[in-house]
Amino acid sequence: MTDEKIHSIRKKNNLMLGLVLIAFVVLVFSITIAKLMGGSTLEAYDHVRRPQLEETK
Amino acid sequence: MTEVTLDTTSEQPDFGNYVSLLKPRVMSLVVFTAAVGLIVAPGSINLVLGFASILFIALGAGASGSLNMWWDADIDRIMKRTQSRPVPSGKVTANSAMLVGLWMSVLSVGMLGLASNWFAASLLAFTIFFYAVIYSMWLKRTTPQNIVIGGAAGAFPPMVGWVAATGSISIEAIGMFMLIFMWTPPHFWALALFMNEDYTKAGVPMLTVTHGKRSTRKHILIYTIFLTPFCIGLAFTSIGGPLYFILSILLSIMFLMGAIKLFRRAESAAVADKYFEERKVFRFSLFYLFLLFSALLIEAGLRTLNFNLAAWPQVF
C-alpha cells in the first residue's frame with residue numbers, strides 16, 4: 001500500500017470520526033435539553049420581570 | 001522533533017470495516033424490535049429521549065457483536081459464511097475489535113442510563129454480558145443447546161425498549177421476550193441444516209453436528225409447536241388486539257406447516273434440491289418475526305387513534 005493511499009484512507013477515517021463526534025455532541029445536548037424540560041417549557045426568572053411566569057391568583 | 005513514519009506493511013482499515021464490526025444487519029433487527037418495545041409501551045416518551053434510547057440499545061448490540069468477532073476470530077476464519085468479516089479477513093486486528101467492543105459497551109450502557117433510566121441500562125449491560133460471555137465464550141463451543149440459551153441475548157432488546165419507556169418489566173415485556181426466545185431455535189436450526197458443513201469444519205457443536213439432521217428436524221418441529229402459544233398469547237395482553245390475533249394464527253399455521261414439511265423430509269431429498277425447503281423456512285422465520293412485531297406496532301397506532309375494540313379480552 002502506498003503512502004498516498006494510506007493518507008487518503010486515514011483522512012477519510014478522521015473525517016468520518018469527526019462527523020460521528022459532532023453528531024454525538026448534538027445528541028448529548030438534545031438529551032440534556034429534553035431532560036431539563038421534563039415535559040414543560042424551559043423558562044425562568046431573569047433580571048427582567050416575566051409576567052407569564054407569575055402565578056395568577 | 002520526532003519523526004512519524006507510516007507502517008506500510010499492514011492493511012489500513014477504513015471506517016466501513018469498523019462499522020461492519022458492529023454487525024449492522026443484526027443491529028437493524030435490534031433497532032426494530034427495541035423500537036417496537038419502546039413504542040407499544042404505555043405512556044408517552046419524549047421523542048429525543050426515545051430516539052436516543054433506541055440508538056444506544058442498538059449500539060450496545062453492536063458492541064456485543066464486536067466482542068463476538070474478537071473472541072470467535074479463529075472459527076470465523078474457518079467458516080465460509082463468516083470469512084469475510086473484518087477480523088478473519090485481516091482488515092481489523094482482533095485487539096481493535098475487542099477495544100471497540102469494550103468502549104462501545106461502556107458508552108452505550110452509560111448513555112442509555114442517562115437518556116432513559118438505570119434499570120434499562122443494567123438490562124442492556126446484562127444483554128451484552130450474556131451475548132459476549134455466556135453465549136460466545138462459554139455455550140457456543142460447549143453445548144448443542146448453545147442457541148437455545150444464547151437466544152435470550154437476542155430476545156432482550158424489546159424488553160430493554162419497554163423498560164426504557166416505563167421503568168419496569170411487565171407481562172407484555174416478558175411476552176415479547178418469550179416470542180423471540182422461542183423463535184430463535186427453529187430459526188437457527190433451519191439455517192444449520194444447510195450450513196452444517198461450516199459448523200462441522202469449525203468444530204462448533206451445533207445440534208446438526210452433535211445429534212444429526214434427523215434429530216434437528218424433530219427439534220425444529222417441537223420448538224415451533226412450543227412457540228405457537230407464546231405467539232398467539234401475546235394477542236390477549238394490553239399490547240395485542242384482533243389484528244395481531246388474526247395474523248398470529250395465520251403465521252403460526254404457516255410456520256407449523258413449514259416445520260412439519262422439514263420434519264417429514266428425507267435428507268436425500270434435501271440434498272437433491274440443495275435444501276430448498278430449509279432455506280424457505282429460514283427466510284420465512286425472519287418474515288414471521290418482522291410481521292408480528294409490525295402488527296404490534298399497528299395495534300399501538302390504532303389504540304392511539306382510539307380505534308380499539310372495547311370488548312377485546314385481555315387475559316394476561
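How much area do domain 1 of chain B and domain 2 of chain B bury between them? In this predicted model, the two domains bury about 2800 Å² between them, and 79% of that area lies on carbon and sulfur atoms; buried area here is the accessible area (1.4 Å probe) that two parts lose on being put together, summed over both. The size of an interface is often given as the accessible area lost when the parts come together.

The model is predicted, and local features need pLDDT of at least 70, side-chain atom pairs count only at pLDDT 80 or more, while totals for chains, interfaces and linings use all residues. Residues are numbered from 1 along each chain as its sequence is written, chains are lettered from A and ligands numbered from 1 in the order in which they are written, and side-chain values use heavy atoms, with hydrogens and water left out.

**The two domains of chain B**

- Chain B is assigned domain 1 (17–166) and domain 2 (170–311), with bounds that come from an automatic or database domain assignment.
- The centres of the two domains, taken over C-alpha atoms, are separated by 21 Å, and their contact (heavy atoms within 4.5 Å) takes 29 residues from domain 1 of chain B and 33 residues from domain 2 of chain B.
- On the side of domain 1, B:Pro144, B:Ile147 and B:Trp162 lose the most area to domain 2 of chain B, together 21% of what that side buries.
- Between the domains there are 4 residue pairs in polar contact, both residues at pLDDT 80 or more; a polar contact is a pair of N or O atoms within 3.5 Å, where within protein one must be able to donate a hydrogen and the other to accept it, and residues adjacent in sequence count only if both atoms are side-chain atoms.
- The elements giving two or more residues to this side of domain 1 are α2 (24–40), α4 (73–78) and α7 (146–166) of chain B, and α7(B) gives the most, with 12 residues; helices (H or I, at least four residues) are DSSP runs, numbered from the N terminus.
- This side of domain 1 divides into 17 nonpolar, 8 polar and 4 charged residues, where Ala, Val, Leu, Ile, Met, Phe, Trp, Tyr, Cys and Pro count as nonpolar, Asp, Glu, Lys and Arg as charged, and the others, Gly among them, as polar.

**Chain B against chain A**

- Chain B places 20 residues in contact with 17 residues of chain A, and the area buried between these chains is about 1600 Å², of which carbon and sulfur atoms give 73%.
- The chains share 5 residue pairs in polar contact, both residues at pLDDT 80 or more.
- On the side of chain B that touches chain A, α3 (47–71) and α5 (94–115) each supply at least two residues, and α3(B) gives the most, with 6 residues.

**Salt bridges**

- One salt bridge joins the side chains of B:Arg141 and B:Asp72 (2.9 Å, N to O), linking the loop between α6 and α7 with the loop between α3 and α4 of chain B, 69 residues apart.

How values were computed. A salt bridge is a side-chain nitrogen of Lys or Arg within 4 Å of a carboxyl oxygen of Asp or Glu.
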